[in-house]
Amino acid sequence: MKIRKNLSDADMLKGFNEEITFENGMFADEKVSKSKIKGGNKPAAKKEILLPEEAQERLNRFLLEISMEWLKNKNGNCSWKVSKEDGQIVIKPVSLVKK
């Protein structure tokens, strides 16, 4: 970027917003602004599932019921095995610890 000469103070500071720190934050009449850094902490995008909301709710309920039964039977922690059999999706709990 080339520095232009003969600019006034207002022209040089055009578009500049100072971050509020403990050094300059004592002045109550100043406007508080947060700096925006590109690529900063963005909220994680919600993963999309291709089910209607009602069907997704029922699926979550069934998975919760199965995992509770799994824990009641003292099978320990489990992971989910997802497979496709004859045009149907089958989700089964699988023990994490090999016996």
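**Exercise 1.** In what order do the elements of the protein run from the N terminus on?

Step 1: The order is α-α-β-β, with two helices and two strands in the protein. Helices (H or I, at least four residues) and strands (E, at least two) are DSSP runs, numbered from the N terminus.

Step 2: This is a predicted model, where local features need pLDDT of at least 70, side-chain atom pairs count only at pLDDT 80 or more, and totals for chains, interfaces and linings use all residues. Residues are numbered from 1 along each chain as its sequence is written, and side-chain values use heavy atoms, leaving out hydrogens and water.

**Exercise 2.** Work out how β1 and β2 are joined.

Step 1: The two strands run antiparallel, and eight bridges join them; strands pair if DSSP finds at least two bridges between them.

Step 2: One partner to find is that of serine 79, which bridges to valine 94 in β2.

Step 3: Two residues lie between the strands of this hairpin, where aspartate 86 takes a positive phi near 50°.

**Exercise 3.** Is isoleucine 66 buried, partly exposed or exposed?

Step 1: Find isoleucine 66 in helix α2 (residues 53–72).

Step 2: Isoleucine 66 has 33% relative accessibility, so it counts as partly exposed. Buried means under 20% relative accessible area, exposed over 50%, and partly exposed in between (1.4 Å probe, protein chains only).

Step 3: For the protein as a whole, 4% of its 99 residues count as buried.
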